[in-house]
Amino acid sequence: MKFVISESAPKPAGPYSHAVVVEKFVFVSGQIPIRENGEIPEKFEERVKTVIENVRVILKDVGLDLENVVKVTVYLKDLSKFNEFNKVYERYFKNKPARSVIGVSDLPKGVDIEMEVVAFRP
């Protein structure tokens, strides 16, 4: 196992790694819409982009990109934003990995979206 702390992504908010590499799989911890400077974007679309970009830079640190993602789990505080989320998501995930979207009552730092992924190393 290899534990990954990315220098390119916002620092973890707790005692965990950005990702863990186990053989051919990479498990990326839940990412929230915090930018490197600690800012949380105001618009929902920008928050979705920020979450995906945080995932992307972590994957890049282990030599992968979004096309290597095989499973996505998304946590949304407001499921009425599901369609708005999908519009942004489909611009990034052309390979259409398996996915779950789960409605939740709360998330860290009061954000409204969190995403974790599993990627495969060919």
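**View 1. The side chain of Asn 95 holds on to two backbone oxygens.** In this predicted model, the side chain of Asn 95 reaches the backbone oxygen of Glu 67 at 3.0 Å. Setting aside neighbours within four places in sequence, Asn 95 is in contact with Leu 66, Glu 67 and Val 69.

**View 2. Where Asn 95 sits.** Look for Asn 95 in the loop between H2 and strand S5 (98–103). Is Asn 95 buried, exposed or partly exposed? With a relative accessible area of 35%, Asn 95 is partly exposed. If you also pick out Ser 80, you'll find it 15 residues from Asn 95 in sequence and 25 Å away in space, C-alpha to C-alpha.

**View 3. Thr 50, tucked into helix H1.** Thr 50 is part of helix H1. Thr 50 counts as buried because its relative accessibility is 7%, and the cut-off for buried is under 20%. A polar atom of the Thr 50 side chain lies 2.8 Å from the backbone oxygen of Glu 46. Not counting residues up to four places away in sequence, Thr 50 touches Pro 33, Ile 34, Arg 35 and Pro 41.

**View 4. Helices H1 and H2 cross.** Two packed helices are described by the angle and the distance between their axes. Here the axes of H1 and H2 come within 9 Å and cross at roughly 35°, and the crossing is right-handed. On the H1 side, the contact is made by Phe 44, Glu 45, Val 48, Lys 49, Ile 52, Glu 53 and Arg 56. H2 answers with Glu 84, Phe 85, Val 88, Tyr 89, Arg 91 and Tyr 92. Sorted by class, that makes 7 nonpolar residues, 6 charged ones and no polar ones.

**View 5. The largest nonpolar core.** This core has 29 residues, and those with the most contacts inside it are Val 26, Leu 59, Phe 85, Phe 93 and Met 115. Which elements give two or more residues to the core? They are strands S2 (19–22), S3 (25–31), S4 (69–76) and S6 (113–120), along with helices H1 (44–61) and H2 (82–92). H1 gives the most, with 7 residues.

**View 6. Phe 85 and its partners.** Phe 85 belongs to the group with the most contacts inside the largest nonpolar core. Leaving out neighbours within four places in sequence, Phe 85 is in contact with Phe 44, Val 48, Val 74, Leu 76, Arg 99, Val 101, Ile 113 and Met 115.

Technical notes
Residues are numbered from 1 along each chain as its sequence is written. This is a predicted model: local features need pLDDT of at least 70, side-chain atom pairs count only at pLDDT 80 or more; totals for chains, interfaces and linings use all residues. Side-chain values use heavy atoms; hydrogens and water are left out. A nonpolar core is a set of buried Ala, Val, Leu, Ile, Met, Phe, Trp, Tyr and Cys residues joined through side-chain atoms within 4.5 Å. Buried means under 20% relative accessible area, exposed over 50%, partly exposed in between (1.4 Å probe, protein chains only). Helices (H or I, at least four residues) and strands (E, at least two) are DSSP runs, numbered from the N terminus. Contact means heavy atoms within 4.5 Å. Axes are lines fitted to C-alpha atoms, for helices over the stretch in contact, and angles run from 0 to 180 degrees between N-to-C directions. A crossing is left-handed if the near helix is turned anticlockwise from the far one by less than a right angle, and right-handed if clockwise. Ala, Val, Leu, Ile, Met, Phe, Trp, Tyr, Cys and Pro count as nonpolar, Asp, Glu, Lys and Arg as charged, and the others, Gly among them, as polar. A polar contact is a pair of N or O atoms within 3.5 Å; within protein, one must be able to donate a hydrogen and the other to accept it, and residues adjacent in sequence count only if both atoms are side-chain atoms.
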